[in-house]
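Trainee: Could we go through this one together, starting with the charged pairs and then moving on to the packing?
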Amino acid sequence: MKYQSQKVAQAYFICAMALFAIQVLGGLLAGWVYVSPNFLSELLPFNIIRMLHTNALIVWLLLGFFGAAYFLIPEESEREIYSVKLAYLQLAILMIGTLGAVGSYLVGIHGGREFLEQPLWVKFGILVAALIFLFNVSMTVLAGKKTAITNVLLMGLWLLSLLWIFAFINPENLSLDKMYWWFVVHLWVEATWELVMAAILAFLLLKLTGVDREVVEKWLYVIVATALFSGILGTGHHFYWIGLPGYWQWVGSIFSTFEVIPFFLMMSFAFVMVWKGRKNHPNKAALLWSLGSSTVAFFGAGVWGFLHTLHGVNFYSHGTQITAAHGHLSFYGAYVALNLAIFTYAMPMLRGRAPYNQVLNMASFWLMTGGMAFMTFVLTFAGTIQTHMQRVIGDYYMDVQDSLSIFYLMRFGAGAAVVIGALLFIYALLVVRRDEVIAPGPAHKTGTVAGE
C-alpha cells in the first residue's frame with residue numbers, strides 16, 4: 001500500500017463482507033422456503049426474506065465498488081484521496097440507510113417495487129452518499145494523474161449514481177413505471193456496472209501480471225465501447241411485454257445478442273493478460289478470483305442471458321426459473337467474484353500482511369463457484385420444465401411448482417455449498433496466522449507487501 005488514505009477501503013470491504021454473509025444466509029433461507037413453503041410464513045414472510053436477500057446483495061456490491069475506487073484511485077492518480085473524512089461520512093450514511101431499510105422491511109414498510117423497495121428517506125440517503133463519493137473521487141482524479149482505468153471507473157460510477165434518480169420516479173401508469181424501473185435495474189447491471197467491472201479487472205490484471213499499461217488500456221477501451229453500444233439499447237429486451245411499442249421486440253432482440261460480446265472480451269482479456277504477463281505475483285488467490293470472475297460472467301451474463309433474450313423465446317420463458325438461473329450466475333460471476341477478487345488482492349496490503357490463507361481462500365472459490373454452477377444447472381432444468389408445463393400446456397402455477405420440488409431441494413443443497421464457501425472466504429481473509437504478519441523493516445516502511 002503506497003498511500004495512507006487507501007486505508008479507508010478496508011472499512012468499506014469489512015462492511016461489505018458483513019452484508020455478504022447476511023445476503024447469502026438470506027438466500028439460503030429463501031431457498032428453504034421453496035422446499036417447505038410454510039416455513040416462517042407468519043414470522044418472516046417470503047417477500048420480506050427476498051427483499052433482504054436482494055437488497056443486501058446490491059448494497060454490499062456497491063460498498064465493494066466504492067471501496068475498490070478508494071483503494072485504486074490513489075495509486076492510479078498518484079495522490080491521496082481528497083477527503084478521508086468524507087469517505088467515512090459516506091460509509092456511515094450508507095450503513096445507517098441499510099439498517100433503516102432492514103428495520104422498515106421487518107415491520108412491513110417498503111416501496112413495493114422489486115429491488116427498489118427502500119423507503120423514500122433511504123433513497124435520499126443513498127443519493128447523498130453517492131454525491132459525496134462522486135465529489136471526493138472526482139476531486140482526487142482531477143488533481144492527480146489521469147489514466148484509462150480511472151477514466152472508465154469514474155464514467156461508470158457517475159452514470160451509476162445519476163441513473164439512481166430514476167428510482168424516485170414512480171408513475172401511476174404501469175408501463176411507464178416498469179420502463180423507468182428498468183432504467184435503473186438494467187442500465188446498472190448491464191451497462192454502468194460493466195464499466196466498473198472492466199476498470200477494476202484491468203487494475204487487478206495490471207498489478208498481478210505486470211503487462212504493459214498500454215496493452216491493458218487498449219483492451220479496456222474496446223470493452224467499454226462494446227458494453228455501452230450493446231447495453232443501452234439492449235434494455236429493450238425488458239420492454240417486450242410491458243406495453244411499449246412493438247419495435248422494441250426487434251431492437252431488444254438484436255442489441256441483446258451483442259451483450260455477449262463485452263463479456264467474451266473481458267474473459268479473453270483476462271486470459272491474454274495472464275498469458276502475456278511476466279510477473280510471478282505471490283497473491284495467487286487474487287489471480288484465481290480475477291480469472292474466475294471474467295469466465296463465470298461470460299457464461300452467466302453472456303451465454304445464459306442469450307438463452308432467453310430473443311423475444312420469441314422470452315415470450316414463454318420470461319419470469320420462470322430460467323430467469324433465476326441467469327440472474328444468479330451472472331451476478332455471481334460479474335460482480336460478486338470481482339469484488340471478492342479486489343478484497344483478496346487489497347486486504348493483505350491494507351492490513352500490512354503478506355497474502356495469507358490462500359489455500360482456504362482458493363477452496364472458498366471452488367466451493368462457491370461449484371455451488372453456483374450446480375444451482376444454475378438445476379434452475380435451468382427446472383425453468384425448462386416450468387416453461388413447458390405452465391406456458392405451453394397451460395397447467396396451473398401451483399401444480400407446476402409441486403412438480404419442481406426435487407429441483408428446489410437440489411438448489412437448496414447448492415446454496416448451502418455457496419454459504420459455506422462465503423463464510424470460509426471471510427474467515428480466510430480476516431483471520432491470519434501470526435507468522436504471516438510482515439515484520440516492520442526498511443523494505444516495508446510504506447506498508448508495501450512483499451512481491452507487490
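Trainee: Which residue does arginine 213 form a salt bridge with?
Mentor: Arginine 213 pairs with glutamate 76, and in this predicted model the closest N and O atoms are 2.8 Å apart. Since arginine 213 lies in helix H7 and glutamate 76 in helix H2, the pair ties together parts that are 137 residues apart in sequence.

Trainee: What does glutamate 78 pair with?
Mentor: The side chain of glutamate 78 meets that of lysine 145 in a salt bridge, at 3.7 Å from N to O. Lysine 145 sits in the loop between H4 and helix H5 (148-163) and glutamate 78 in the loop between H2 and H3, so this pair ties together parts that are 67 residues apart in sequence. Lysine 145 is partly exposed, with a relative accessible area of 39%.

Trainee: Backbone next: what is phi of glutamate 78 near?
Mentor: Phi of glutamate 78 is near 60°, a positive value in a residue other than glycine. Most residues other than glycine have a negative phi. Leucine 40 also has a positive phi, near 60°, and its place is in the loop between H1 and H2.

Trainee: Changing topic, which residues have the most contacts inside the largest nonpolar core?
Mentor: Those are Trp60, Leu157, Trp188, Ile200 and Phe343, in a core of 126 residues. Helix H6 (residues 174-209) supplies the largest share of this core, 23 residues. Apart from it lies another core, of 9 residues, which includes Ala30, Ile49, Tyr105 and Val122.

Trainee: What is isoleucine 200 in contact with, leaving aside its neighbours within four places in sequence?
Mentor: On that basis isoleucine 200 is in contact with Phe65, Ala68, Leu72, Leu153, Leu338 and Ile342.

Trainee: What about helix H3, how far does it reach from its first C-alpha to its last?
Mentor: Helix H3 (residues 84-106) has 23 residues and reaches 33 Å, close to the 33 Å expected at 1.5 Å a residue. The buried residues of H3 include Gln90, Leu94, Gly97, Thr98, Ser104 and Tyr105, and among the elements covering its buried residues are helix H1 (8-35), helix H2 (46-77) and helix H4 (120-143).

Trainee: Last one, which residues make the nonpolar surface patch?
Mentor: Phe229, Trp250, Ile254, Phe258 and Ile261 make a nonpolar surface patch of about 520 Å². Helix H8 (residues 247-258) gives the most to the patch, with 3 residues. Phenylalanine 229 belongs to helix H7 (residues 213-233).

Trainee: Why does phenylalanine 229 count as exposed?
Mentor: Phenylalanine 229 counts as exposed because its relative accessibility is 51%, and exposed means over 50%.

Terms used: Residues numbered from 1 in each chain as written. Predicted model: local features only at pLDDT ≥ 70, side-chain atom pairs only at ≥ 80, totals over all residues. Heavy atoms only, no water. Patch = residues over 30% accessible without salt bridge, like charges linked within 9 Å, V, L, I, M, F, W, Y side chains within 5 Å. Areas by Shrake-Rupley, 256 points an atom, 1.4 Å probe, with all protein chains shown as cover. Salt bridge = Lys/Arg side-chain N within 4 Å of Asp/Glu carboxyl O. Helix = DSSP H or I, 4+ residues; strand = E, 2+ residues; numbered from the N terminus. Buried < 20%, exposed > 50% of the residue type's maximum accessible area, 1.4 Å probe, protein only. Core = buried A, V, L, I, M, F, W, Y, C linked by side-chain atoms within 4.5 Å. Contact = heavy atoms within 4.5 Å. Expected span 1.5 Å × (residues − 1).
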